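Here's a quick briefing on one model, grouped by topic. Have a look at the structure first, then read on.

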Amino acid sequence: MDMHRDVIINDVDGMESRFVNRLDEAIVEDLHAQSYYGASVVVARGGEIVLKGTYGQSDRHRGRATGPDDVYRILSMSKGFTNALVFRALSEGRIMLSTRVVDLIPEFFGTEPFRAARKERINLAHLLTHRAGMPATPNPGLGPESFAVLADVIDALASVDVVNEPGGNLNYSAAINHALIGEMLRRAYGAESFRDLMHEKIFAPAGMDTTRFGLTDEWADRAVPLEVIVANDSWLKPEDIEVLNEVIARPDAEMPWVGAVSTIDDVFTFTELLRNKGRTASGELLFSPAVLDFATTKQTGDQINDLYGMVAAARHWDAPEGNMGLGMALAGTGTYARFFGPFVSPRTFGSYGAGSSLLWVDPVSDVSFCFLSSGVMDEGDNVARFQRLSSIAASAVID
C-alpha cells in the first residue's frame, strides 16, 4: 500500500543514525498496521533537528495526506500550554502555589453550605498535582454540549462536590482542575478572556502563530479531525472524544484543559521554550528557570495515578507511579510502562493528549520529542506506542 512519507533525517553530533532511522521505520510499521492514520513528528537535540517528518493521512475520509501545516486538536496537551501560563504567573508573583481557589473564585463555594465542605482548602498546588479531590470526570459539571465557555463551567462547578481529601490521592483530572486553573489565571491577571490571555502572555511572545484555544474558521480546512480508533476496553467512548470536533470549533470556545489547536512546528517551538527554561527564540524570558526546575521536580512521592493505574491494570502491567511535578508529567524510574519509556533521564518531563499526542524534554541528554497523530488510540495502546517510540529516540543518544 502506498503511504505518504516526507522525512528529513540529519546527522547531529551524539545521535546514532541507525536508531534515528529505526524510529522512522517504526512509525511506518505502525501506519501499515493501521495502529493510527498519520503523524507529524520532530525529534531534536540541543535544538538541532534530528528527524522531522509527516506520515500517512491527517484526514482519511477526505484522503488528505499529512502536511506540515496541519492544525491538530491536541486535547490534554492543552494543559501543558496552560501550565506555562501558570509558570509565568508564579514567576511574576501574581499567584502562589498556596493560593486557594476560593481566594480568586469565591463563588466556587456554591450556595449549599453542606456541599461546600473541603472546597476552602483546595489550592493551586493541589490542582497542578492532580490531588485536589475533585471528581476525575471529563465533563466539568456540564456535558460537552455546554462546556465550551469557561464562565459557564465555573458557574457549574459551584455545585460539584469534593469527593476526596485535598492533597490526598492522585487522580488525573481530565477537566475540572485545569478549568479552575484557567479561571484563576484569568482573574489574577484581570483579563477579559482566558483565550486572549494565553495569546498575549505565551503564544504571541513564543512565536506560536498557529496556536490558540479554539479553532478559527481561517484554519478549518487544515484542521485534523478527531476520529477514535475503537478498542473494546477503552476508558473513553468514541462519542466522548469526537464530540470535541464541534466543541473546539465553536467561536466562543476556551477550554484550558482540552481546547487548544496547534501545528507540529508550534508544538516544537513550545517544547524548545521548555528546553530553554522559559526563554523564547527571540531571547525573551517568559518564566523563571527556578519555577520550571520546581515544576519538573517530583511532587507526588510514590503515589499511584488512579487513572493510569486503571489503564495499567487493564493491560496486566505493573502499576505506574504518578510522577507528577507541577502540571508536568515526569518520566521517573522503574520498569513499568509509561509514555517516556525507561531510557530517558528520570526528570524528563512533558505533556500528552488522549490517544494522540506527546511532547517531552530530557534535560540531561538535551533531546526534545514532539509527536502529533491522527486517529485517537485507546489509552493503553497509546502508552504502548509512545513507550516504544520514546525508547528508540532515547536509544539514539550515544554521548
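A contact here means heavy atoms within 4.5 Å. This is a predicted model, so local features need pLDDT of at least 70 and side-chain atom pairs count only at pLDDT 80 or more, while totals for chains, interfaces and linings use all residues. Residues are numbered from 1 along each chain as its sequence is written, and side-chain values use heavy atoms, with hydrogens and water left out.

- M328 sits in the loop between α12 and β9; helices (H or I, at least four residues) and strands (E, at least two) are DSSP runs, numbered from the N terminus.
- With a relative accessible area of 0%, M328 is buried; buried means under 20% relative accessible area, exposed over 50%, and partly exposed in between (1.4 Å probe, protein chains only).
- The C-alpha atoms of M328 and E48 are separated by 24 Å, and the two residues are 280 residues apart along the chain.
- G325 is in the loop between α12 (306-315) and β9 (329-330), and its relative accessibility of 0% makes it buried.
- Not counting residues up to four places away in sequence, G325 touches L128, T129, A295, T297, Q299 and L330.
- G325 and F294 are 31 residues apart along the chain, with 7.5 Å between their C-alpha atoms.

**Aromatic pairs**

- Rings of Phe, Tyr and Trp (its six-membered ring) pair if their centres lie within 6.5 Å; planes under 30 degrees apart count as stacked, over 60 as edge-to-face and the rest as tilted.
- That rule gives a count of 15 aromatic pairs.
- One of them is F81 with F270, an edge-to-face pair at 4.6 Å centre to centre and 70 degrees between the planes.
- F81 belongs to helix α2 (residues 77-91) and F270 to helix α10 (residues 264-275), so this pair ties together parts that are 189 residues apart in sequence.
- F81 and F270 are both buried.
- F87 and F287 also make an edge-to-face pair, because their ring centres are 5.6 Å apart and their planes are at 70 degrees.
- F87 lies in helix α2 and F287 in the loop between α10 and α11 (289-295), so parts that are 200 residues apart in sequence are tied together.
- F87 counts as buried at 0% relative accessibility, and F287 does at 2%.
- Ring pairs also link Y36, Y172, Y308, F339, Y352, W360, F369, F371 and F386 into a cluster.

**Charges over rings**

- A charge sits over a ring if NZ of Lys or CZ of Arg is within 6 Å of the ring centre and within 35 degrees of the ring normal.
- R385 lies over the face of F386, 4.3 Å from the ring centre.
- K119 lies over the face of F108, 4.5 Å from the ring centre.

**Helix α1**

- Helix α1 (residues 17-32) has 16 residues and should span 22 Å at 1.5 Å a residue, which agrees with the 23 Å between its end C-alpha atoms; the expected span is 1.5 Å times one less than the number of residues.
- The buried residues of α1 are V20, L23, D24, A26, I27, V28, D30 and L31.
- Their cover includes β1 (5-9), β2 (38-45), β3 (48-59), β12 (367-374) and α13 (379-395).
- After α1 comes Q34, whose phi is positive, near 55 degrees.
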